Amino acid sequence: MTTSKAQPDISNTEFEVLDVIWDSNPISSNEVIDRLNQHKPWHEKTVKTLLGRLVKKGAISFHKQQRQYLYYPIIAREEYVQEETSSFLSRLFKGKVAPMIAGFANQNELSKEDIDELKAVIKQWEQNND
């Protein structure tokens, strides 16, 4: 798997398909459909259309094995998530993390476990950056 400089614009439904491919690859379209159908019904043609879009966008690729195509990711999950997180923070919170967390806290969306994890992340950051 390689990483790219500019992330492709991936829709929510394309992301669901990509997430399955990140979890298990190489993977056939039928296996993708089976895994997606574990959560909600997906039509075969829809999934194959989404696979084609992801190939065109450079997010995934495939190789042919006998009579089926096996798909694999070209972009790394970690890189994609990091880029999307930065974009989200920039668009909604002007690049600031604190207002985002304050928003979650004010809506009672943070559990004790979330707070403990955030404290651990901050502590680790402080140790690495002092």
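A salt bridge here is a side-chain nitrogen of Lys or Arg within 4 Å of a carboxyl oxygen of Asp or Glu. With that in hand, look at D19, D23 and R77, which are linked in a network of salt bridges. By this rule the count comes to 6 salt bridges.

A word on the ground rules. This is a predicted model, so local features need pLDDT of at least 70 and side-chain atom pairs count only at pLDDT 80 or more, while totals for chains, interfaces and linings use all residues. Residues are numbered from 1 along each chain as its sequence is written, and side-chain values use heavy atoms, with hydrogens and water left out. Helices (H or I, at least four residues) and strands (E, at least two) are DSSP runs, numbered from the N terminus.

The side chains of D19 and R77 meet at 2.6 Å, N to O. For accessibility, buried means under 20% relative accessible area, exposed over 50%, and partly exposed in between (1.4 Å probe, protein chains only). D19 is partly exposed at 24%, and R77 is partly exposed at 25%.

E14 and K57 form a salt bridge at 2.7 Å, N to O. That pair links distant parts of the chain: E14 is in helix 1, K57 in the loop between helix 3 and strand 2 (60–65), and they are 43 residues apart. E14 is buried, with a relative accessible area of 2%, whereas K57 is partly exposed at 34%.

Now for how helix 1 packs. Axes are lines fitted to C-alpha atoms, for helices over the stretch in contact, and angles run from 0 to 180 degrees between N-to-C directions. The axes of helix 1 (residues 12–23) and helix 3 (residues 44–56) come within 10 Å and cross at roughly 85 degrees. Angles under 35 degrees count as roughly parallel, over 145 as roughly antiparallel, 65 to 115 as roughly perpendicular and the rest as oblique. Helix 1 and helix 3 are therefore roughly perpendicular to each other. With contact meaning heavy atoms within 4.5 Å, T13, E14, V17, L18 and I21 of helix 1 meet L50, L51, R53 and L54 of helix 3. Those residues divide into 6 nonpolar, 1 polar and 2 charged. In this scheme Ala, Val, Leu, Ile, Met, Phe, Trp, Tyr, Cys and Pro are nonpolar, Asp, Glu, Lys and Arg are charged, and the others, Gly among them, are polar.

Next comes helix 4. In helix 4, E79, Y80 and L89 are buried, and what covers the buried residues includes helix 1 and helix 5 (97–106). Helix 4 and helix 5 pack at an angle of about 80 degrees, with their axes 9 Å apart, and are therefore roughly perpendicular. F88, L89 and F93 of helix 4 make the contact with V97, P99 and M100 of helix 5. By class, that contact has 6 nonpolar, no polar and no charged residues. Just after helix 4, K94 takes a positive phi of about 50 degrees.

K112 and D116 are 4 residues apart in helix 6, so they are separated by about one helical turn, and their side chains meet at 3.2 Å, N to O. K112 is exposed at 62%, while D116 is partly exposed at 36%.
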